[in-house]
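Thanks for passing this one along.

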Amino acid sequence: CSGFVMSVYAAFGVGLPHSSSAMQGVGYGVSPSEMQPGDIICYSGHVAIYVGDYFPGFSNAVIEAVDGGVVIRELSLSEELNGPYTYFGYFKGVSY
């Protein structure tokens, strides 16, 4: 999962560490109401990219690598986020 997030950010010229725990140290926490598309959401041992309502048919969604593939799913804000940790979205102002 961290490799997927790292490669997406690298495509936009942003270097990130290759571990979900290390990614927690490269940004700052925001509340769920402040999340922006492109923010990294860190769970315990997992990371995903918040995409919001970008994809038709999904609202409040994340894109993440699981079981060898990449999925888009709706995020339940009642999910236990580690903190919650969501981090500054380096994609701000970038069309993707």
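1. Let me start with the nonpolar cores. In this predicted model, the largest nonpolar core holds 15 residues. Phe4, Val5, Tyr9, Leu16, Ile40, Val47 and Ile49 are those with the most contacts inside it. Two or more residues come to this core from each of α1 (2-10), β1, β2 and β3, and α1 gives the most, with 4 residues. Another core, of 8 residues, lies apart from it; Val30, Tyr50, Val62 and Leu75 are among its members.

2. Which residues of α1 are buried? They are Ser2, Phe4, Val5, Val8 and Tyr9. These residues lie on the same side of α1, because they span an arc of only 160° around the axis.

3. Tyr9 deserves a look of its own. This residue is found in helix α1, and its relative accessible area is 0%, so it counts as buried. Tyr9 and Ile49 are 40 residues apart along the chain, and their C-alpha atoms are separated by 9.9 Å. Both residues are among those with the most contacts inside the largest core.

4. Now to strand β2 (residues 46-52). Why can it be called largely enclosed by the rest of the structure? Because 7 of its 7 residues are buried. The cover extends to both faces: His46, Ala48, Tyr50 and Gly52 are buried on one side, and Val47, Ile49 and Val51 are buried on the other.

5. What does β2 pair with? On one hand there is strand β1 (residues 40-43), which runs antiparallel to β2 and is joined to it by 4 bridges. Within this pairing, Ile40 stands opposite Ile49, and Cys42 has Val47 as its bridge partner. The two strands form a hairpin with 2 residues between them, and Gly45 in the turn has a positive phi of about 75°. On the other hand there is strand β3 (residues 61-66), also antiparallel to β2, with 3 bridges joining the two. Here Gly52 stands opposite Ala61.

6. Strand β1 is worth checking in the viewer too. Ile40 and Cys42 point one way from this strand, Ile41 and Tyr43 point the other way, and all of these are buried.

7. Finally, the overall picture. The protein has 2 helices and 5 strands, in the order α-α-β-β-β-β-β from the N terminus on. Of its 96 residues, 39% count as buried. Take the contacts between residues at least 6 apart in sequence: 51% of them join residues at least 24 apart. The accessible surface comes to about 4900 Å², and carbon and sulfur atoms account for 55% of that.

Conventions. Residues are numbered from 1 along each chain as its sequence is written. This is a predicted model: local features need pLDDT of at least 70, side-chain atom pairs count only at pLDDT 80 or more; totals for chains, interfaces and linings use all residues. Side-chain values use heavy atoms; hydrogens and water are left out. Buried means under 20% relative accessible area, exposed over 50%, partly exposed in between (1.4 Å probe, protein chains only). Two strands pair if DSSP finds at least two bridges between them. A nonpolar core is a set of buried Ala, Val, Leu, Ile, Met, Phe, Trp, Tyr and Cys residues joined through side-chain atoms within 4.5 Å. The arc is that of the directions from the helix axis to the C-beta atoms. Contact means heavy atoms within 4.5 Å. Accessible areas come from the Shrake-Rupley method with a 1.4 Å probe; for residues, only the protein chains shown count as cover.
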